[in-house]
Amino acid sequence: QMKDIENNDDLYLLVDAFYKKLLTDTSIAYIFTEVVKIKLQEHLPILVIFWSQSLFNKGGYFKNLTNIHLDINAKEYLSPELFKIWLNHFNASVDENFTGLNAEKIKTQALSIANVMQIKIQNERNANEKL
């Protein structure tokens, strides 16, 4: 019987499982290994804080999520296909480890974030094309 996402330890387990999937999938791993050159041990706790704020309304995540993604996109186009891969791995990571209201809520939030980011990236592309 799987449990729901209840605390930051659960979120750490989730983001750890999620990044294992991302980094072993060659169709998206290069974003994290070559474009961003992510330091996973530093990155995972930040993700926990982000999702803790998103899910439990406590945390203290102060970075600008949009700017981070627009900066990455300036180096390497974050295509709708990449967002789809990201979301599929996220949902699978949730479903393989958790079940319950928070598990459903975090998947909805991830979808919402992916949609907002794609709209902002597309808006910026459109604005740049007009220049």
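Tutor: Helix 1 (residues 8–24) packs against helix 5 (residues 80–97) with their axes 9 Å apart and an angle of about 135°. Helices here are DSSP runs of H or I with at least four residues, strands are runs of E with at least two, and both are numbered from the N terminus. The axes are lines fitted to C-alpha atoms, for helices over the stretch in contact, and the angles run from 0 to 180 degrees between N-to-C directions. This is a predicted model in which local features need pLDDT of at least 70 and side-chain atom pairs count only at pLDDT 80 or more, while totals for chains, interfaces and linings use all residues. Residues are numbered from 1 along each chain as its sequence is written, and side-chain values use heavy atoms, with hydrogens and water left out.

Student: Why is helix 1 called oblique to helix 5?

Tutor: Angles under 35 degrees count as roughly parallel, over 145 as roughly antiparallel, 65 to 115 as roughly perpendicular and the rest as oblique. The angle is about 135°, and that makes helix 1 oblique to helix 5.

Student: Which hand does the crossing of helix 1 and helix 5 have?

Tutor: Helix 1 passes helix 5 in a right-handed crossing. A crossing is right-handed if the near helix is turned clockwise from the far one by less than a right angle, and left-handed if anticlockwise.

Student: What makes the contact of helix 1 with helix 5?

Tutor: Contact means heavy atoms within 4.5 Å. Helix 1 contributes Leu13, Leu14, Ala17, Phe18, Lys21 and Leu22, and helix 5 contributes residues including Trp86, Phe90 and Asn97. The residues of this contact comprise nine nonpolar, three polar and two charged. In this scheme Ala, Val, Leu, Ile, Met, Phe, Trp, Tyr, Cys and Pro count as nonpolar, Asp, Glu, Lys and Arg as charged, and the others, Gly among them, as polar.

Student: How do helix 1 and helix 3 cross, and what makes helix 1 oblique to helix 3?

Tutor: Their axes come within 9 Å and cross at roughly 125°, helix 3 being residues 40–56. That angle makes helix 1 oblique to helix 3. The crossing of helix 1 with helix 3 is right-handed. Among the residues that meet there are Asn8, Tyr12 and Tyr19 in helix 1, and Val48, Trp51 and Phe56 in helix 3. The contact divides into 13 nonpolar residues, four polar and one charged.

Student: How do you know that tyrosine 19 and phenylalanine 32 form an edge-to-face pair?

Tutor: Rings of Phe, Tyr and Trp (its six-membered ring) pair if their centres lie within 6.5 Å; planes under 30 degrees apart count as stacked, over 60 as edge-to-face and the rest as tilted. By this rule the count comes to seven aromatic pairs. For tyrosine 19 and phenylalanine 32, the centres are 5.3 Å apart and the planes 80° apart, hence edge-to-face. Tyrosine 19 lies in helix 1 and phenylalanine 32 in helix 2 (residues 29–35), so the pair ties together parts that are 13 residues apart in sequence.

Student: Why is the pair of tryptophan 86 and phenylalanine 90 called stacked?

Tutor: The planes of tryptophan 86 and phenylalanine 90 are 15° apart, with 5.7 Å centre to centre, and the pair is accordingly stacked. Both residues lie in helix 5, four residues apart, about one turn of the helix. Ring pairs link Phe18, Tyr19, Phe32, Phe50, Trp51, Trp86 and Phe90 into a cluster.

Student: Why does glutamine 109 count as buried?

Tutor: Buried means under 20% relative accessible area, exposed over 50%, and partly exposed in between (1.4 Å probe, protein chains only). Glutamine 109 has 16% relative accessibility and therefore counts as buried. Glutamine 109 is in helix 6 (residues 101–130) and, not counting residues up to four places away in sequence, touches Trp51, Ser54 and Leu55.

Student: What makes asparagine 97 partly exposed?

Tutor: Asparagine 97 has a relative accessible area of 26%, which makes this residue partly exposed. Asparagine 97 touches Met2, Lys3, Leu13 and Ala17, not counting residues up to four places away in sequence.
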